[in-house]
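Please examine the fold shown below together with its sequence.

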Amino acid sequence: MICVLAYALWKTLDQLAKQARLQTVIHKTDPRYGQAAPQSRPMSPEAILRELGKIKLGDIHLETTEGQAIVLSRVARPDAEQARILAALGLQLPERLSPDRLL
């Protein structure tokens, strides 16, 4: 069952990337082809997940005057490539993943 769900999500991400016309940005030339300029190609779900998987999450621990700790869970701002992918897919990152909590 999990494999079927994973496959369905993979194919959905592939279709969304094709509809958004996401292209892989290639930064270096292949030495086998000399000075030929590299051609961009459609971005695969693997490349999208690899890039979005680099988005950082963090907890900020603050201590109150009463001695309790407040934990603020936050999502880091995406870099340029991650922002390009998110914009093309029509997705937005939340500022936080869970409500702030007292420890």
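The model is predicted, with local features requiring pLDDT of at least 70 and side-chain atom pairs counting only at pLDDT 80 or more, while totals for chains, interfaces and linings use all residues. Residues are numbered from 1 along each chain as its sequence is written, and side-chain values use heavy atoms, with hydrogens and water left out.

The protein chain contains three helices and five strands, taken as DSSP runs numbered from the N terminus (helices H or I, at least four residues; strands E, at least two). Their order from the N terminus is α-β-β-α-β-β-α-β. Of its 103 residues, 20% count as buried; buried means under 20% relative accessible area, exposed over 50% and partly exposed in between, with a 1.4 Å probe and protein chains only. Among contacts (heavy atoms within 4.5 Å) with a separation of 6 or more, 50% are between residues 24 or more positions apart.

Helix H2 spans residues 45-52, and its buried residues are Pro45, Ala47, Ile48 and Glu51. Viewed down the axis of H2, these residues fall within an arc of 165°, so they line one face of the helix; the arc is that of the directions from the helix axis to the C-beta atoms. The buried residues of H2 pack against helix H1 (2-20) and helix H3 (80-89).

Two packed helices are described by the angle between their axes and the distance between the axes. For H1 and H2, the angle is about 95° and the axes lie 9 Å apart. Axes are lines fitted to C-alpha atoms, for helices over the stretch in contact, and angles run from 0 to 180 degrees between N-to-C directions. H1 is therefore roughly perpendicular to H2, a term covering 65 to 115 degrees. In this contact, Trp10, Leu13, Asp14 and Ala17 of H1 meet Pro45, Glu46, Ile48 and Leu49 of H2.

The largest nonpolar core has eight residues: Leu13, Ala17, Leu22, Met43, Ala47, Ile48, Ile85 and Leu89. Such a core is a set of buried Ala, Val, Leu, Ile, Met, Phe, Trp, Tyr and Cys residues joined through side-chain atoms within 4.5 Å. Leaving aside neighbours within four places in sequence, Leu89 is in contact with Leu13, Leu16, Ala17, Leu22 and Ile48.

Arginine 21 is located in the loop between H1 and strand E1 (23-24). Its phi is near 55°, a positive value in a residue other than glycine. Arginine 21 counts as exposed because its relative accessibility is 69%.

Definitions and conventions: Parallel < 35°, antiparallel > 145°, perpendicular 65-115°, else oblique.
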